[in-house]
Amino acid sequence: MPKIKTNSGAKKRFALTGSGKIKRKHAFKSHILTKKTKKQKRNLTHSGLIAAVDQNNVKALLGMK
C-alpha cells in the first residue's frame, strides 16, 4: 500500500498545536489593506483554531487520518 501524500496547500496553511488542535490564520490580510480599518487589520492578525466540523477534512488533507 503506498503512502498518502500530504496536500501541499494544506501543509502551508495549517499548523498543529501541542495538544493536537489545528491552528489557522485569518484570510483578507494580504492585500487591499488601505480600505480596511486599523481594528479590522489588527483582529485579522491573530491566529485561530479551525472549527470542529472542519477537523476531519483538514486532518485528511494533512495525512493524519
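The model is predicted: local features need pLDDT of at least 70, side-chain atom pairs count only at pLDDT 80 or more, and totals for chains, interfaces and linings use all residues. Residues are numbered from 1 along each chain as its sequence is written, and side-chain values use heavy atoms, with hydrogens and water left out.

## Overall fold

The protein chain holds 3 helices and 3 strands. Helices (H or I, at least four residues) and strands (E, at least two) are DSSP runs, numbered from the N terminus. Read from that end, the order is α-β-β-α-β-α.

The radius of gyration of the protein chain is 15 Å, whereas a compact globule of 65 residues would have a value near 11 Å. This radius is taken over C-alpha atoms, and the globule rule is 2.2 Å times the number of residues to the power 0.38. The C-alpha trace spans about 50 × 25 × 20 Å along its principal axes.

Of the 65 residues in the protein chain, 12% are buried. Buried means under 20% relative accessible area, exposed means over 50%, and partly exposed lies in between (1.4 Å probe, protein chains only). The accessible surface is about 5700 Å², and carbon and sulfur atoms account for 56% of that surface. Accessible areas come from the Shrake-Rupley method with a 1.4 Å probe; for residues, only the protein chains shown count as cover.

Contact means heavy atoms within 4.5 Å. Take the contacts in the protein chain between residues at least 6 apart in sequence: 48% of these join residues at least 24 apart.

## K36, a buried lysine

K36 sits in the loop between β2 (22–24) and α2 (38–45). K36 is buried but forms no salt bridge. A salt bridge needs a side-chain nitrogen of Lys or Arg within 4 Å of a carboxyl oxygen of Asp or Glu. For K36, the nearest side chain of opposite charge is D54, 20 Å away. Lys and Arg count as positive, Asp and Glu as negative; His and the chain ends are not counted.

## The loop between β2 and α2

F28 is found in this loop. F28 is classed as exposed because its relative accessible area is 65%. Its phi is near 70 degrees, a positive value in a residue other than glycine. I32 lies in the loop between β2 and α2 as well. I32 also has a positive phi, about 55 degrees, although it is not a glycine. Most residues other than glycine have a negative phi. I32 has 46% relative accessibility, so it counts as partly exposed.

K29 belongs to the loop between β2 and α2 too. Its relative accessibility is 32%, so K29 is partly exposed. Setting aside neighbours within four places in sequence, K29 is in contact with K41, L44 and T45.

## Other partly exposed sites

R42 is part of helix α2. R42 counts as partly exposed because its relative accessible area is 48%.

S47 is in the loop between α2 and β3 (48–49). With a relative accessible area of 45%, S47 is partly exposed. Beyond residues up to four places away in sequence, S47 touches K23 and R24.

K21 is in the loop between β1 (15–16) and β2. K21 has 44% relative accessibility and therefore counts as partly exposed. Leaving out neighbours within four places in sequence, K21 is in contact with A15, L16 and L49.

| Residue pair | Separation in sequence | C-alpha to C-alpha distance |
|---|---|---|
| K29 and N43 | 14 residues | 9.8 Å |
| R42 and K29 | 13 residues | 9.4 Å |
| S47 and R24 | 23 residues | 5.8 Å |
| K21 and K65 | 44 residues | 14 Å |
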